[in-house]
Amino acid sequence: MCKSALCLVCVSLLLGPSLSCYQCFVEVQDSLRLCWGHILSEHNVRNVDSCFRKLDRIFNNHERVIEAGRVGKGYDKQLKELLDGEILPMVGEFDKKRNNDTVYEERLQTAADNFIAAASKLPRVSGCLPPCGFQSAGAVYNCITCQYDSCELPLDCPVKEVTAMENSRSQMWCEVPFHLPGNIEVIWRFAEEVKTQQVDQFKEVTAGLDTLYSIPSSSLQHVGTYQCEIYSVQRSIVRLYFYLTVTPQVVAGHTELQEIFDLSLLPGGRFLPAPAGPPHSLTTSPLLLTACLTALLLLLFLSMG
């Protein structure tokens with residue numbers, strides 16, 4: 001059992017308002033051993049609580065220490081190794097031995113500087129890529145919380161607009177700009193006729209590994225919202241949405257006919273005149289004959305389709 005004063009320090013350390021890289025990786029018992037012989041030079045008395053306040057100032061409230069600890073996923077183990085390498089030798093050296101506060105100040109500050117220099121060389125991350133998705137590779141270690149911060153982006157991506165002509169092929173790719181795990185599952189769902197992100201309106205259409213959803217011949221029954229959800233180990237990573245609009249072929253043909261007809265008219269609604277004829281002469285205008293012939297051929301093509 002530790003003495004009451006040391007226990008109070010221990011509780012204070014564990015229940016402090018914030019953590020740091022030091023408190024994330026150094027055991028409380030090691031800190032107690034480190035601070036056992038801390039002497040206040042002014043009064044020549046042993047004061048463990050003052051040592052802990054010194055640790056708090058040098059490590060816990062040191063912005064450079066916290067920033068140095070913002071490493072990429074998986075490198076928290078190296079942080080612990082670096083900090084242990086600076087602190088544990090001091091623990092063995094100072095345990096049950098008295099040292100003035102000035103010695104502690106110098107040695108702890110040197111340990112913090114060494115940690116900052118070494119930890120700053122560990123790999124960082126490129127960060128989070130908006131606008132959506134759970135991106136574990138973009139997380140960074142946070143010495144204040146002793147855990148990795150997530151990107152905190154929404155799971156659902158904005159709806160993308162996709163337009164296709166009737167009877168033409170439509171393709172939607174379930175792709176994201178961030179790295180995906182190797183063991184993914186892709187589920188495609190469809191909400192008929194509506195533009196929505198309400199998950200309860202979708203019905204599953206396919207599941208597997210295919211990130212491409214293709215419709216060989218688009219029709220009006222394919223109009224609606226397509227949802228692509230990517231899973232890894234039964235955990236949802238991201239949901240993409242595509243709203244497909246299909247333009248009927250008849251409407252497209254009528255639009256082209258109207259454009260041809262408009263081209264055959266002069267301002268004011270008059271037909272193109274023949275070279276030496278009146279403005280309403282239709283039989284001698286080569287441009288008008290060409291326009292009419294083209295329109296007839298297009299109508300014939302549409303009727304056969």
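Trainee: Let's start with helix α3, residues 28-35. Is it enclosed or open, and why?
Mentor: This is a predicted model, to be clear. Helix α3 is largely enclosed by the rest of the structure, because six of its eight residues are buried.

Trainee: Which residues of α3 are the buried ones?
Mentor: Val28, Asp30, Ser31, Leu32, Leu34 and Cys35.

Trainee: And the chain overall? How much of it is buried?
Mentor: Buried residues make up 39% of the 305 residues. The exposed surface comes to about 17600 Å², and carbon and sulfur atoms supply 57% of that.

Trainee: How many helices and strands does the chain have?
Mentor: Nine helices and 12 strands. As for contacts between residues at least 6 apart in sequence, 66% join residues at least 24 apart.

Trainee: Do β1 and β3 run parallel or antiparallel?
Mentor: Parallel. β1, residues 38-40, pairs with β3 over two bridges. Ile39 has Asn100 in β3 as its bridge partner.

Trainee: Next, Ser50. Where is it?
Mentor: Ser50 sits in helix α4, residues 48-60.

Trainee: Is Ser50 buried or exposed?
Mentor: Buried. The relative accessible area of Ser50 is 13%, and the cut-off for buried is under 20%.

Trainee: Now the helix pair, α6 and α7. At what angle do they cross?
Mentor: At roughly 160°, and their axes come within 9 Å. That makes α6 roughly antiparallel to α7. Here α6 covers residues 76-94 and α7 covers residues 101-119.

Trainee: Is the crossing of α6 and α7 left-handed or right-handed?
Mentor: Right-handed.

Trainee: Which residues meet there, α6 against α7?
Mentor: From α6, the list includes Leu79, Leu82, Leu83, Glu86, Ile87, Met90 and Phe94. From α7, it includes Val103, Tyr104, Arg107, Leu108, Ala111 and Phe115. On helices in general, there are 3.6 residues a turn, so residues three or four places apart point the same way.

Trainee: Last topic, strand β10. Which residues are on its covered face?
Mentor: Tyr213 and Ile215. Leu212 and Ser214 form the uncovered face of β10, which spans residues 212-215. In a regular strand the side chains alternate between the two faces of the sheet.

Trainee: How many bridges join β7 to β10?
Mentor: Four, and the two strands run antiparallel. β7 is residues 170-173. Gln171 stands opposite Ser214 in β10.

Trainee: Back to Tyr213. Buried or exposed?
Mentor: Tyr213 counts as buried, at 19% relative accessibility. The cut-off is under 20%.

How values were computed: Residues are numbered from 1 along each chain as its sequence is written. This is a predicted model: local features need pLDDT of at least 70, side-chain atom pairs count only at pLDDT 80 or more; totals for chains, interfaces and linings use all residues. Side-chain values use heavy atoms; hydrogens and water are left out. Buried means under 20% relative accessible area, exposed over 50%, partly exposed in between (1.4 Å probe, protein chains only). Contact means heavy atoms within 4.5 Å. Accessible areas come from the Shrake-Rupley method with a 1.4 Å probe; for residues, only the protein chains shown count as cover. Two strands pair if DSSP finds at least two bridges between them. Axes are lines fitted to C-alpha atoms, for helices over the stretch in contact, and angles run from 0 to 180 degrees between N-to-C directions. Angles under 35 degrees count as roughly parallel, over 145 as roughly antiparallel, 65 to 115 as roughly perpendicular and the rest as oblique. A crossing is left-handed if the near helix is turned anticlockwise from the far one by less than a right angle, and right-handed if clockwise.
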